[in-house]
Amino acid sequence: MSKLLLTFYGDDFTGSTDALEQLTLAGIRTALFIEPPTATLLARFQNLQAVGVAGMTRSMSPSAMEKVLRPAFKQLRALGARHVHYKVCSTFDSSPQVGSIGRVIDVAMEIFRAPFVPLLVAAPALGRYTIFGNHYARYGIGSAGQIHRLDRHPSVSKHAVTPMQEADLARHLARQTRKKIALFDILQVGLPAKEARAALKRLLVGKPDVILFDAVNAEHLAQIGGLMDNFATAKQPLFSVGSSGVEMALGSLWAKKNQSSQITAASTKQILVGSGSCSPVTSGQIEWALKHGFAEVPLNIKSLISNRSQELERATQTAGKFLKAGRSVIVHTTRSGSDKRVARQLKNNTARILGMALGEVLRGALEHSPVQRLCIAGGDTSSFAARALGIEAVEMIARLTPGAPLCRAFAPDSPVDGREVVFKGGQVGTENYFEIVKRGKNL
C-alpha cells in the first residue's frame, strides 16, 4: 500500500516549489521532480509522503499540454496517493490558447472518476483571495502591498503572454472548458463543519463538474481541506486544481500528525541569479540589487536570435569574471517589465528560448565557480532553465520568503548537483529579495 498522501503536477517550476514548501512546512517529506519519477529514481528518496512534478504546461498550447499531461496523470495516479493536484499560479494565469486550465480539467476527468474537481485558487499567505468567485491578489508579497482585483492588478492584468482581464474565475475558466462550474461561496465556507458538509452535499445534487471554493484565511483553507479529504481514497483519488492553497488546506489536516522541522539558511558570500521575469516586482528587485553591489549581465535578445552561441558564450564569460572577482551576479533578459516586443521577436517561444538560454549561461558560469547558491526568477522561464541546468529533482532545506523556499538540487553530471537553489515567481518577494537570498534571512 502506498505511503504517499498526495502527488502534484505543477504548471511551472516556481509554482511547484511553492507547493513543495507548503507540504514540507506541514511535516510532509516531499521531493519535486522534473519528470514523473521512475521507480529507480524514487528509491533514492526514502520515506517520501508526497511527490511533485515541475512541468512546463503554463507556456504550452492546449494540444501540447494534453500530449504531456495525459501520460503524466496516469503515472501519478499509479503511485497510489489519495490526492492528485494540478498546481497552477495563484493568479490563475491562463487562456484558451496558452496554459489552458480548462483543457487540464477535460483531460483529468477522463482519468480520475471522482464526483467533482475542487478548484481552490486562494492562497491567503501569499496575498491571494477569492470572494464570491472573484479573485484578488496583492501587488508584491508583504503587508505593505495593496490588494487588487485580478483584472485591475498592475502586473497580472498586463502579463505579456496571458494577461488576466477577468476576475470572476468561473467566467474565466468557462472560456477554456464546457464543464459545469459551481461556486461554494464564502458564506458556505464559513459555516460550522457539519453544516458546510451538508451545503456541499446539496451543491453536488446539481452535478457540477467543478466546484470553485472561496477563501480569505487559513481557517477557510482548513475547512476546505476537510471537505476535500472526505472524497479521496487510494482506489479513487481526488483530482483537484488550484494554487498552493490546496497544499495549505490538506497540510492543515496532516500537520497534526507530523512535525515540521525548519532549518535556517546560512548566509553566503555571493549568489548567482538568472531572471527571465517580466514582472515589475522583479525589475525593482534587480534595480535594488545593482545599487547594492550586485553585477548584471543582460542577455541581448537580438544577438540571441542572430547568433545564439556567441551571445551565450559572451554572457557566460562575463558572469564568470564577475563571480571570480567575488561579486554576486544577475543574468537577466529584461528589466523593463512586461515587454511584448520580446515576445514578438521570439515568435511566442519566449519562455523556452529565454529559459534555456538562462540555464545554459548559469550552468557554464558554475563550471569553474565555487558559488553554492542560485536563484531563478520568472515562472514562465523557470522550468526551461531548470532543465538546461540538468536538475532532476529538488528537496526543500529552508524557508526564505513565502512561496520560494531554499532547496537542494539533485542534478547528476551537472555542476549544479548538491548546490542550493531558489525558484521564485515574478510577483514574489520584497525589494531587497536577492539580498535576502544571499543572507539566508529577512533583513
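A cavity is a set of grid points where a 1.4 Å probe fits but cannot get out. The model shown in these views is predicted.

View 1. The structure holds one cavity of 30 Å³ or more. The volume of the largest cavity is about 40 Å³. Its lining is made up of Asp11, Thr57, Arg58, Met65, Tyr86, Val88, Asp93, Gly99, Ser100, Ile101 and Val104. Sorted by class, five residues of this lining are nonpolar, three are polar and three are charged.

**View 2. Helix 3 packed with helix 4.** Two packed helices are described by the angle between their axes and the distance between the axes. Here helix 3 covers residues 62-78 and helix 4 covers residues 101-111. Their angle is about 35 degrees, and the axes lie 9 Å apart. The two helices make a right-handed crossing.

**View 3. Residues at the contact of helix 3 with helix 4.** Helix 3 contributes Pro62, Ser63, Met65, Glu66, Leu69, Arg70, Phe73, Lys74 and Arg77. On helix 4, the residues they meet are Arg103, Val104, Val107, Ala108, Glu110 and Ile111. The contact residues divide into eight nonpolar, one polar and six charged. Met65 and Val104, which take part in this contact, also belong to the lining of the largest cavity.

View 4

**View 5. The pairing of strand 6 with strand 7.** Strand 7 consists of residues 134-138 and runs antiparallel to strand 6. Four bridges join the two strands. Within this pair, Tyr129 stands opposite Tyr136 of strand 7.

Definitions and conventions. Residues numbered from 1 in each chain as written. Predicted model: local features only at pLDDT ≥ 70, side-chain atom pairs only at ≥ 80, totals over all residues. Heavy atoms only, no water. Pairing = 2+ DSSP bridges. Axes fitted to C-alpha atoms, helices over the stretch in contact; angles between N-to-C directions. Left-handed = near helix turned anticlockwise from the far one by under 90°. Contact = heavy atoms within 4.5 Å. Nonpolar A, V, L, I, M, F, W, Y, C, P; charged D, E, K, R; others polar. 1 Å grid on protein atoms, 1.4 Å probe; cavity = no way out; pocket = protein on both sides within 12 Å on 5 of 7 lines; lining within 4 Å. Points joined across faces, edges and corners; volume = space filled by probe spheres on them.
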